Amino acid sequence: MSLRPNYLENGICLNVLANSVQNAKDCYEAAEGHVVLGVLTKNYPTDEAAIADMKEYQKAIDNAVSVGLGAGDPNQSSMVVRVSKAIQPQHVNQVFTGVGASRQALGQNETIINGLVSPTGKVGFVNLATGPLSSQTAPTEVNIETAIALLKDMGGSSIKFFPMKGLTHKEEYEAVAKACAENDFDLEPTGGIDLNNFEEIVQIAVDAGVKRIIPHVYSSIIDENGDTRPEDVAKLYQIIKRF
């Protein structure tokens, strides 16, 4: 099984949530495999339960698993490290301070690990204080270039810019995209992305020259049963194919 997400030739891959193995299969097929399916550690009582379940997902979708925190919950950081080590997924979601531990635990450089940084209200600056303890303190605002360098030091692959609230932080997001392009780093826009703003959000990253982009589209395409709608994934896939 591949340890790398199945990007399109344009460097884009979707990230959506899966509510069950069948839901994951349906969404995987809807995107013709150009997607990683988020499975949240927060939904499991123990590491063992999460590992056993995620191994079933791996078999069904050729390892296109994205080990998730659960709404960016920093308290899930250590569980993400342990579970990721055991299953060796294609994609790992981490708070900023959990990136180094994740890379060390994985023991390889193929899996994509993002590092969560948050908007600050200041263009060109992001908040790094997203860990279990640091998120309870005052924001740690640094320029985006420094944040990228720190993530590279820790073995990270990409910036997870969250919570974006759609296009609320558009100018900040544009600056993040520009810095990712200039520093050969991946970008994962996350939070408040829906079928209406999705294309513009991806277009900003493409226009900036970001080589690999994994947009996260979550709650806006989830039905009343908690399943991600495969028909909406298919719509998103048609959009990313156009780039």
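Mentor: Let us begin with D184, whose place is in the loop between α6 and β9. The model is predicted: local features need pLDDT of at least 70, side-chain atom pairs count only at pLDDT 80 or more, and totals for chains, interfaces and linings use all residues. Residues are numbered from 1 along each chain as its sequence is written, and side-chain values use heavy atoms, with hydrogens and water left out.

Trainee: What makes the backbone at D184 worth noting?

Mentor: D184 has a positive phi of about 50°, although the residue is not a glycine. This value comes just after α6.

Trainee: Why is D184 called partly exposed?

Mentor: The relative accessibility of D184 is 42%. Buried means under 20% relative accessible area, exposed means over 50%, and partly exposed lies in between (1.4 Å probe, protein chains only). D184 therefore counts as partly exposed.

Trainee: Which class does K165 receive on that scale?

Mentor: K165 has 53% relative accessibility, so this residue counts as exposed. K165 lies in the loop between β8 and α6, and its phi is near 55°, again a positive value in a residue other than glycine. P163 is also placed in the loop between β8 and α6.

Trainee: What is the form of the peptide bond from F162 to P163?

Mentor: That bond is cis, with omega near 0°.

Trainee: Which residues of α6 are buried, and what do they pack against?

Mentor: The buried residues of α6 are E172, Y173, A175, V176, A177, A179 and C180. Their partners include β5 (112–119), α5 (144–153), β9 (186–189) and α7 (198–208). Contact here means heavy atoms within 4.5 Å.

Trainee: What describes the packing of two helices?

Mentor: Two packed helices are described by the angle between their axes and by the distance between those axes. Axes are lines fitted to C-alpha atoms, for helices over the stretch in contact, and angles run from 0 to 180 degrees between N-to-C directions.

Trainee: Why are α5 and α6 called oblique to each other?

Mentor: Their angle is about 50°, with the axes 9 Å apart. Angles under 35 degrees count as roughly parallel, over 145 as roughly antiparallel, 65 to 115 as roughly perpendicular, and the rest as oblique. α5 and α6 are therefore oblique. The contact joins I144, E145 and I148 of α5 to A175, V176, A179 and C180 of α6.

Trainee: How do the residues of the contact of α5 with α6 divide by class?

Mentor: Ala, Val, Leu, Ile, Met, Phe, Trp, Tyr, Cys and Pro count as nonpolar, Asp, Glu, Lys and Arg as charged, and the others, Gly among them, as polar. On this basis the contact of α5 with α6 has six nonpolar, no polar and one charged residues.

Trainee: What makes α1 roughly parallel to α2?

Mentor: Helix α1 (residues 21–30) and helix α2 (residues 47–60) pack at about 30°, with axes 10 Å apart. That angle makes α1 roughly parallel to α2. V21, A24 and K25 of α1 make the contact with E56, Y57 and A60 of α2; by class these are four nonpolar, no polar and two charged residues.

Trainee: Which hand has the crossing of α1 and α2?

Mentor: The crossing is right-handed. A crossing is left-handed if the near helix is turned anticlockwise from the far one by less than a right angle, and right-handed if clockwise. α6 likewise passes α7 in a right-handed crossing, at an angle of about 35° with the axes 8 Å apart. Here K170, Y173, E174, A177, K178 and A181 in α6 meet E200, I201, I204, A205 and A208 in α7.

Trainee: Why does R82 count as partly exposed?

Mentor: R82, in helix α3 (residues 77–87), has 42% relative accessibility and therefore counts as partly exposed.

Definitions and conventions. Helix = DSSP H or I, 4+ residues; strand = E, 2+ residues; numbered from the N terminus.
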